[in-house]
Amino acid sequence: MKITAIIRAGLSVFVSIIFLDSLRYKFTDAPETQEIFGRLDAWAGSIGAPGLFGHFGMFSQYVIGGAELVASACVLLGLVPALRRFQALGALLGISIMTGAISFHLFTPLGIDPNNDGGGLFMAAIGVWFCCLTLVIWNRREVGGLLGDLIGALFRDDRYRG
């Protein structure tokens, strides 16, 4: 097995472990999750977007957890060579999720240590972000194919096809 395949698998497993481990907090309404999303929702309310991070908000713990579950499944499915596009899709989704997480830790009252864990949650987000970025770079052809398919689907006009 080539070293890049081993590293790719290791990155994929790391991303998935972090995402899947967080689901036990998000999907069970754990106190740590209530603290984080409660602070974010209070902040959103102070800027005119109350409920944004609430239980039924656009960025609730359930929505974010669901996205993390999908990203994990895609990253792991992409370990099968014939399904490599899934890994690209999962890594792009992971970058999106973690960019949001890192931004909210840095630029809102949430801070980098909301649960008094020494910043471990924040550091995990940074680690996952870099792993996903590495997977996107390694899967750049698949990312290009996904973007090409998306553009083709958005701008294809079947009315003129025979």
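Colleague: Which residues in helix 6 do R84, R85, A88, L89 and L92 in helix 4 meet?
Modeller: This is a predicted model, in which local features need pLDDT of at least 70 and side-chain atom pairs count only at pLDDT 80 or more, whereas totals for chains, interfaces and linings use all residues. Residues are numbered from 1 along each chain as its sequence is written, and side-chain values use heavy atoms, with hydrogens and water left out. Helix 4 covers residues 84-107 and helix 6 covers residues 140-155. Where they are in contact (heavy atoms within 4.5 Å), the partners in helix 6 are E142, V143, G145, L146 and D149.

Colleague: How are helix 4 and helix 6 oriented to each other?
Modeller: Their axes, which are lines fitted to C-alpha atoms over the stretch in contact, with angles running from 0 to 180 degrees between N-to-C directions, lie 9 Å apart at an angle of about 85°. Angles under 35 degrees count as roughly parallel, over 145 as roughly antiparallel, 65 to 115 as roughly perpendicular and the rest as oblique. Helix 4 and helix 6 are therefore roughly perpendicular.

Colleague: How many charged residues does the contact of helix 4 with helix 6 have?
Modeller: Ala, Val, Leu, Ile, Met, Phe, Trp, Tyr, Cys and Pro count as nonpolar, Asp, Glu, Lys and Arg as charged, and the others, Gly among them, as polar. On that basis, the contact of helix 4 with helix 6 has five nonpolar residues and one polar residue, and its charged residues number four.

Colleague: How many nonpolar residues does the contact of helix 4 with helix 5 have?
Modeller: Residues of helix 4 including A91, I95, M98 and I102 meet residues of helix 5 including F122, I126, W129 and L133. By class, this contact of helix 4 with helix 5 has four polar and no charged residues, and its nonpolar residues number 17.

Colleague: What is the handedness of the crossing in which helix 4 passes helix 5?
Modeller: The axes of helix 4 and helix 5 come within 8 Å and cross at roughly 150°, which makes the two helices roughly antiparallel. A crossing is left-handed if the near helix is turned anticlockwise from the far one by less than a right angle, and right-handed if clockwise. The crossing of helix 4 and helix 5 is left-handed.

Colleague: Which helix does helix 1 meet through S12, V13, S16, F19, L20, S22, L23 and K26?
Modeller: The axis of helix 1 lies 9 Å from that of its partner, at an angle of about 155°, and the two are therefore roughly antiparallel. Their crossing is left-handed. The partner contributes Q61, Y62, I64, G65, E68, L69, A71, S72, V75 and L76, and is helix 3.

Colleague: With which side chain does that of K26 form a polar contact of 3.2 Å?
Modeller: K26 lies in helix 1, and K26 is buried because its relative accessible area is 11% (buried means under 20%, exposed over 50% and partly exposed in between, with a 1.4 Å probe and protein chains only). Neighbours within four places in sequence aside, K26 is in contact with residues including T33, F37 and Q61. A polar contact is a pair of N or O atoms within 3.5 Å; within protein, one must be able to donate a hydrogen and the other to accept it, and residues adjacent in sequence count only if both atoms are side-chain atoms. The side chain joined to that of K26 at 3.2 Å belongs to E68.

Colleague: Is N116 buried or exposed?
Modeller: N116 is not a glycine, yet has a positive phi of about 55°. Most residues other than glycine have a negative phi. N116 sits in the loop between helix 4 and helix 5. With a relative accessible area of 70%, N116 is exposed.

Colleague: What is the relative accessibility of D29?
Modeller: D29 is also a residue other than glycine with a positive phi, near 60°. Its place is in the loop between helix 1 and helix 2. D29 counts as partly exposed because its relative accessibility is 24%.

Note on methods
Helices (H or I, at least four residues) and strands (E, at least two) are DSSP runs, numbered from the N terminus.
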